[in-house]
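This report describes the arrangement of strands and helices in one protein model, together with selected residues. The sequence and coordinates are shown first.

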Amino acid sequence: MTDQPILLFDGFCNLCVGSVQFVLKHEKKPLLKFASLQSDAGKEIRKENEVTDAVDSLILSDKV
């Protein structure tokens with residue numbers, strides 16, 4: 001997949017999207033990858049980690 005941690009976020013949540021924008025703006029080095037929970041990558045990561053579809057928040061996955 002990737003060698004960087006992935007921050008999953010609810011792509012429909014303004015607070016979550018704003019949080020991602022904040023992290024992107026303030027990261028000194030690009031350490032994180034991002035994927036919405038609704039994306040194919042987000043669905044795959046949730047399935048691999050047995051995370052329910054009902055999650056509507058931020059999830060940091062450091063499994064690479």
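Leaving aside its neighbours within four places in sequence, with which residues is Ala35 in contact?

## Ala35 and its surroundings

The model is a predicted one. Within it, Ala35 is in contact with Ile6, Leu7, Leu8, Phe9, Ala41 and Gly42, once neighbours within four places in sequence are set aside. Ala35 belongs to strand β2 and has a relative accessibility of 11%. Because buried residues are those under 20% relative accessible area, Ala35 counts as buried.

Ala35 also stands opposite Leu8, the two strands concerned being β2 for Ala35 and β1 for Leu8.

Three strands make up an open sheet of mixed pairing, arranged in the order β2-β1-β3. The edge positions are taken by β2 and β3, each with a single partner strand, so one side of each has no neighbour in the sheet. From one strand to the next, the twist averages 25°.

The two pairings of β1 can be described in turn. With β2 (residues 33-36), β1 runs parallel, and four bridges join the two strands. With β3 (residues 59-61), β1 pairs in the antiparallel sense over three bridges; here Ile6 stands opposite Ser61 of β3. Helix α1 (residues 14-26) packs on the sheet, where it touches β1 and β2, and its direction makes about 155° with that of β1. Helix α2 likewise packs on the sheet, touching β1, β2 and β3, with a direction at about 105° to that of β1.

The side chains of β1 are directed both ways: Ile6 and Leu8 point one way, Leu7 and Phe9 point the other way, and all are buried.

## The segment before β1

Gln4 is located in the segment that precedes β1 (residues 6-9). With a relative accessible area of 19%, Gln4 is buried; the cut-off for this class is under 20%. The side chain of Gln4 reaches the backbone oxygen of Pro30 at a distance of 3.0 Å.

## Helix α1 and Cys16

Cys16 has its place in helix α1 and is buried, its relative accessible area being 6%. Residues touched by Cys16, apart from those up to four places away in sequence, are Phe9, Asp10, Asp56, Ser57 and Leu58. For Ser57, the C-alpha to C-alpha distance from Cys16 is 6.7 Å, and the two residues are 41 residues apart in sequence.

## The two sides of helix α2

Which residues of helix α2 are buried? In this helix, which spans residues 40-48, they are Gly42, Ile45 and Arg46. Viewed down the axis of α2, these buried residues fall within an arc of 100°, so they line one face of the helix. They pack against β1, β2 and β3. On the other side of α2, the exposed residues are Asp40, Lys47 and Glu48.

After α2 comes Glu50, in the loop between α2 and β3. Glu50 is not a glycine, yet has a positive phi of about 55°. Its relative accessibility is 74%, and Glu50 therefore counts as exposed.

## The salt bridge

How many salt bridges does a search of the whole structure find? The search finds one. Arg46 is paired with Asp53 in a salt bridge, and their closest N and O atoms are 2.8 Å apart.

Are the two partners buried or exposed? Arg46, one of the buried residues of α2, has a relative accessible area of 8%. Asp53, by contrast, is exposed, with a relative accessible area of 67%. The salt bridge thus joins Arg46 to Asp53, the former being buried and the latter exposed.

Definitions and conventions
Residues are numbered from 1 along each chain as its sequence is written. This is a predicted model: local features need pLDDT of at least 70, side-chain atom pairs count only at pLDDT 80 or more; totals for chains, interfaces and linings use all residues. Side-chain values use heavy atoms; hydrogens and water are left out. Buried means under 20% relative accessible area, exposed over 50%, partly exposed in between (1.4 Å probe, protein chains only). A polar contact is a pair of N or O atoms within 3.5 Å; within protein, one must be able to donate a hydrogen and the other to accept it, and residues adjacent in sequence count only if both atoms are side-chain atoms. The arc is that of the directions from the helix axis to the C-beta atoms. Contact means heavy atoms within 4.5 Å. A salt bridge is a side-chain nitrogen of Lys or Arg within 4 Å of a carboxyl oxygen of Asp or Glu. Two strands pair if DSSP finds at least two bridges between them. Axes are lines fitted to C-alpha atoms, for helices over the stretch in contact, and angles run from 0 to 180 degrees between N-to-C directions.
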